[in-house]
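Trainee: I am new to this structure and would like to go through it with you. Could we look at it together, one topic at a time?

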Amino acid sequence: MSKSVNWSGVFPAVTTQFNADFSVNLDETHKVISNLVRDGVSGLVVCGSVGENTSLTIEEKIAVTEVAKDASGGRVPVICGIAEFTSAGAAKVAKAVERVGVDGIMVMPALVYSSKPHETAEHFRSVARSTDLPVMVYNNPPIYKNDVTPEILISLADCENIVCFKDSSGDTRRFIDVRNEVGDRFILFAGLDDVVLESIAVGAQGWISGMSNVFPKEGETIFRLASAGRFAEAMPIYEWLMPILHLDARPDLVQCIKLCEEIAGRGSALTRPPRLALQGEDRAHVERIMAKALASRPALPDVGL
């Protein structure tokens with residue numbers, strides 16, 4: 001099943017755009033996605049953390065997924081995030097987006113409940129059993145509190161359609177630990193923006209990125225250079241972008257990313273409550289580092305974009 005998706009390159013975790021009354025703005029979401037595809041990203045993840053999954057109804061999730069499929073036009077794979085309170089609820093959403101025609105799903109641990117390791121593993125197993133789609137396991141312990149450890153992931157090696165692992169723990173040693181036990185059984189994706197270069201160096205084949213919503217060409221360039229071993233060329237771009245990438249590791253990463261999008265003219269900063277707009281020094285900090293980044297944007301080497 002993994003062969004049906006080119007699990008490689010930069011997949012922005014796409015933002016969901018809202019109207020002033022907090023209803024989903026499908027036209028603007030389509031525009032945001034179309035611009036990312038135009039600028040050379042390798043894939044798309046909709047309804048992830050940055051897409052405000054937990055703030056959306058199932059009908060809205062389906063609508064956003066349909067928009068992404070249309071905007072991508074088959075040029076890049078579309079992956080839909082699954083973030084639900086129960087395993088049954090996650091399976092229901094998986095079946096719904098499978099009917100839309102997504103290329104794969106990115107499954108988060110069951111939300112709110114702090115599960116034991118065997119419960120975490122069974123959640124992923126049950127969702128995988130409910131669909132024929134290839135499944136990416138998503139680990140983000142700082143945000144979702146359940147840690148998908150290498151041991152848990154390794155225990156899922158017999159699930160044929162669990163093919164990919166996105167890790168946002170920031171601990172790149174885990175990629176090596178997994179490979180030491182099961183070789184290339186799982187395709188590894190960086191999930192935390194400010195350790196992407198290090199993740200690629202130890203075997204990540206893809207990057208699900210928050211800030212590539214704002215700087216898609218720069219993100220793809222960093223990824224392609226590092227994947228080709230051209231670290232000396234990648235480092236100056238990585239260092240330039242690092243203050244922006246650090247925002248992806250904050251609890252209010254969605255507000256940060258969407259504000260950066262707005263400053264860059266790529267989307268709206270509006271988030272759906274309980275997420276509220278950045279204020280005071282938090283907002284000023286983002287505005288300062290964006291102003292500096294935009295004023296010192298580096299020339300990019302040719303990587304085939």
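Trainee: Where does phenylalanine 22 lie?

Mentor: Phenylalanine 22 is in the loop between E1 and helix H1 (26-38). Helices (H or I, at least four residues) and strands (E, at least two) are DSSP runs, numbered from the N terminus. This is a predicted model, in which local features need pLDDT of at least 70, side-chain atom pairs count only at pLDDT 80 or more, and totals for chains, interfaces and linings use all residues. Residues are numbered from 1 along each chain as its sequence is written, and side-chain values use heavy atoms, with hydrogens and water left out.

Trainee: What is phi of phenylalanine 22 near?

Mentor: Its phi is near 75°, a positive value in a residue other than glycine. Phenylalanine 22 counts as partly exposed, because its relative accessibility is 31%. Buried means under 20% relative accessible area, exposed over 50%, and partly exposed in between (1.4 Å probe, protein chains only).

Trainee: And lysine 145, is that buried or exposed?

Mentor: Lysine 145 is exposed, as its relative accessible area is 58%. Lysine 145 has a positive phi of about 75° although it is not a glycine, and its place is the loop between helix H5 (141-144) and helix H6 (150-155).

Trainee: On to rings. How many aromatic pairs does a search of the whole structure find?

Mentor: The search finds 4 aromatic pairs. Rings of Phe, Tyr and Trp (its six-membered ring) pair if their centres lie within 6.5 Å; planes under 30 degrees apart count as stacked, over 60 as edge-to-face and the rest as tilted. One of the pairs is tryptophan 7 with phenylalanine 189, which is edge-to-face at 6.2 Å centre to centre, with 90° between the planes.

Trainee: Why does that pair tie together parts that are 182 residues apart in sequence?

Mentor: Tryptophan 7 lies in the segment before strand E1 (9-12) and phenylalanine 189 lies in strand E7 (residues 187-190), so the pair joins parts 182 residues apart in sequence. Tryptophan 7 counts as buried at 3% relative accessibility, and phenylalanine 189 counts as buried at 0%.

Trainee: Which aromatic pair does phenylalanine 11 form?

Mentor: Phenylalanine 11 pairs edge-to-face with phenylalanine 189, at 5.4 Å centre to centre and 90° between the planes. This pair links distant parts of the chain, with phenylalanine 11 in strand E1 and phenylalanine 189 in strand E7, 178 residues apart. Phenylalanine 11 is buried, with a relative accessible area of 0%. Trp7, Phe11 and Phe189 form one aromatic cluster.

Trainee: What lies over the face of tyrosine 138?

Mentor: Lysine 166 does, at 3.7 Å from the ring centre. A charge sits over a ring if NZ of Lys or CZ of Arg is within 6 Å of the ring centre and within 35 degrees of the ring normal. The charged end of arginine 185 sits over the ring of phenylalanine 186, 4.6 Å from its centre.

Trainee: How many residues has the largest nonpolar core?

Mentor: The largest nonpolar core has 101 residues, and those with the most contacts inside it are Trp7, Ile33, Leu44, Val46, Ile105 and Ile162. Helix H10 (residues 231-245) gives the most to this core, with 8 residues. A nonpolar core is a set of buried Ala, Val, Leu, Ile, Met, Phe, Trp, Tyr and Cys residues joined through side-chain atoms within 4.5 Å.

Trainee: Switching to open space, which residues lie nearest the centre of the largest pocket?

Mentor: Tyr138, Asn140, Gly191, Asp248 and Leu253 lie nearest its centre, among 20 lining residues. On a 1 Å grid over the protein atoms alone, a cavity is a set of points where a 1.4 Å probe fits but cannot get out, and a pocket is an open set with protein on both sides within 12 Å along at least five of seven lines; lining residues have an atom within 4 Å of a point.

Trainee: Last topic: what joins proline 273 and proline 274?

Mentor: A cis peptide bond joins them, with omega about 20°. Proline 274 is found in the loop between helix H11 (253-263) and helix H12 (280-295).
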